[in-house]
Amino acid sequence: MRWSQTFVPTLKETPAEAEIVSHQLLLRAGLVRKLSGGLYTFLPLGLRSLKKVEAIVRAEMDRAGGIEVLMPALQPPEIWHQSGRYQTMVDALYKLKDRAGKEWVLGPTHEEVITQLVANEFNSYRQFPRNFYQIQLKFRDEIRPRFGLMRAKEFIMKDAYSFDVSDEAAMASYRRMYEAYTRIFARCGLRTFPVEADTGVIGGNYSHEFMVPAETGENDVAYCESGKYAANVEKAVSRGPLLPTPVVSSGATPEKFPTPGVVTIEALSKAPYQIPAFQQIKTLVYRIDSGIALILVRGDDHLNEPKLISQLGSNAVRPATSEEIFASLAAHPGSLGAVSGVPAAVPVFADLALQGACGMVTGANEDGNHYRHVDIARDIRVTKWLDLRTVQAGEHCVETDLPLKIRRAIEVGHVFKLGTKYSEKLNATYLSEDGQRHPVVMGCYGIGITRTLQAVIEQCQDKDGIRWPLSVAPYEVCLTPLSVAPQSPAWQLAEQVYRDLELAGIQVILDDRDERPGVKFKDSELAGFPVRLAIGEKSLAKGEVELKPRGGTLEVVKVEDAVRRVVEWVTTERAKYVI
């Protein structure tokens, strides 16, 4: 491809809208352009790289036994009602009506559609296992689309769905997808690590996320440097807080004391009270389904909402409003507690770190008052003990007892073992060998194609621009003649080298613009082409050209060896991404 015959609108300045480096480079390198919040047009270079990511994903899915299909993006809401996700995913669903007033849903994912297909087309245990996948647009109503392709309203996703006749077979399918994902991200040039994850609104009982370490990531991951444990903080556990919970009772009964104007854990920890946070009980009130519940955690801990949702088995969970709290407990946030004034119908869920806690301080359910000398086993009616806290850096790993670390990361893939959640609701069953009917056991597996592309940029860049891995670079070689005058030796050699490289199967872009060398070099580095071959009049007079890998050392090459050396370099690099 000749530069003048494609469209590469590079930018010198960083657009104000771009908050993170990868978003900035997407725009500056001319890969995408914004249409509206969360909506982007892919330009030629961006589209070429995107197609390469898709090709890697498709090759590995086929290798793992996947069968490619293409399902409708427009879906009837009835199947979403049938699965129950019309309510639980209500905030993410795009809904629209046709000219007849019939409602439709734009698919954010396709569990319902594929499960209905299997329910209608498969009947016998002999027809399984099956694994269907597609690469398609998805639509989610993001409240705040940001970071370019990282959180968009419309994005491209590879979603796959496995169907098996037993848990053991389903785990075998899960492992195949897990291994395929490992190969996919390695071939894309990404350093990823899998972590245990919460299943969220997708459901299921077992899942892993594939994470790309990045300070700009939206996920926090807890991990042990031994490599034996890593989990999203939504799922992570530890051996408990670094400061032990007080468990020695003074025998004193709860004593109410005035705390006018004190409505935070921090305020209670300061003079004149000086009650450390770990000795306080934080009381939160949540609306769960149609009722109110109290949630208790230590004062120095943070409630992990995904853990709460997962353990209660309900997605209809939200913090209660001040009005709902006062109506139930006759007190306002800041003075809440579970010692007294809690109606018998209100459940109390307490974090495991509070078990055996003694000498604690908590709100008295009276504005401006607290209780001291609280022994939780004696003074609080706990409905159920749950793991509700968010782990913190430095706490000890449950696997190795080493200190946990926490890092930011970008999620690029997620694998779930769904079980029978969807097959039972959508009647996807099979007849077993003994003639009994059973629900099929499912798994689902997603990769954000567009997000993966941006994650590559986030991980593979420097001060000059993108540093594409060869496997997903829009072009492998940038051929840069410093003179484009038709009769100049530099241009004539460039034309010949261009033809020879294309015949050798090398993906090359010929920079035929009449620009200064500095402009061409800067654009080449900004766009991130893995290697540049520069042909200048001065070097040519010595029978030489210059080979410069992106981010590497310049190499002077004899003219007669130029094509061979480029082919050799590209061939060696390609081999790094063959797994």
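Tutor: Before we begin, one definition: helices (H or I, at least four residues) and strands (E, at least two) are DSSP runs, numbered from the N terminus. This is a predicted model, in which local features need pLDDT of at least 70 and side-chain atom pairs count only at pLDDT 80 or more, while totals for chains, interfaces and linings use all residues. Residues are numbered from 1 along each chain as its sequence is written, and side-chain values use heavy atoms, with hydrogens and water left out.

Student: Thank you. Where is Asn 365, then?

Tutor: Asn 365 sits in the loop that connects strand E18 (360-363) with strand E19 (369-374). Its phi is positive, about 60°, although Asn 365 is not a glycine.

Student: Is Asn 365 buried or exposed?

Tutor: Asn 365 counts as buried, at 6% relative accessibility. Buried means under 20% relative accessible area, exposed means over 50%, and partly exposed lies in between (1.4 Å probe, protein chains only).

Student: What about His 373: where is that one?

Tutor: His 373 belongs to strand E19. This residue, also other than glycine, has a positive phi near 65°. At 26% relative accessibility, His 373 counts as partly exposed.

Student: New topic. Which domains is the chain divided into?

Tutor: The protein chain has domain 1 (32-190 + 421-458), domain 2 (255-386) and domain 3 (473-575). These bounds come from an automatic or database domain assignment. The centres of domain 1 and domain 2, taken over C-alpha atoms, are 40 Å apart.

Student: And how many residues are in the largest nonpolar core?

Tutor: The largest nonpolar core has 57 residues. Such a core is a set of buried Ala, Val, Leu, Ile, Met, Phe, Trp, Tyr and Cys residues joined through side-chain atoms within 4.5 Å. Leu 31, Val 57, Tyr 181, Phe 185, Ile 449, Trp 468 and Phe 529 have the most contacts inside this core. Domain 1 and domain 3 each contribute at least three residues to this core.

Student: What is Trp 468 in contact with?

Tutor: Contact means heavy atoms within 4.5 Å. Leaving aside neighbours within four places in sequence, the contacts of Trp 468 include Leu 31, Leu 453, Val 456, Ile 457, Pro 474 and Phe 529.

Student: Moving on, why is helix H1 described as largely enclosed?

Tutor: Six of the eight residues of helix H1 (residues 21-28) are buried, so the rest of the structure largely encloses this helix. The buried ones are Ser 22, His 23, Leu 25, Leu 26, Leu 27 and Arg 28. Among the elements that cover them are strand E1 (32-36), helix H12 (449-459) and helix H14 (517-527). After H1 comes Gly 30, with a positive phi near 75°.

Student: Could we turn to sheets? What is the order of the five strands in the open sheet?

Tutor: The order is E16-E14-E15-E17-E20, and the pairing is mixed. Two strands pair if DSSP finds at least two bridges between them. Strand E16 (317-319) and strand E20 (384-386) stand at the edges with a single partner strand each, so one side of each has no neighbour in the sheet.

Student: How do E15 and E17 run?

Tutor: Strand E15 (residues 291-298) and strand E17 (residues 348-351) run parallel, joined by three bridges. Within this pair, Leu 294 stands opposite Val 348 of E17.

Student: What pairing does the open sheet of three strands have?

Tutor: That sheet, in the order E4-E6-E5, has antiparallel pairing. Strand E4 (74-75) and strand E5 (94-97) are at its edges; each has a single partner strand, so one side of each is left without a neighbour in the sheet. Two bridges link E4 to strand E6 (residues 103-106), and Leu 74 faces Leu 106 in E6.

Student: How many disulfides does the structure hold?

Tutor: The structure holds zero disulfides, a disulfide being a pair of cysteine sulfur atoms within 2.5 Å. Cys 358 is buried at a relative accessible area of 10%, and Cys 444 is buried at 4%.
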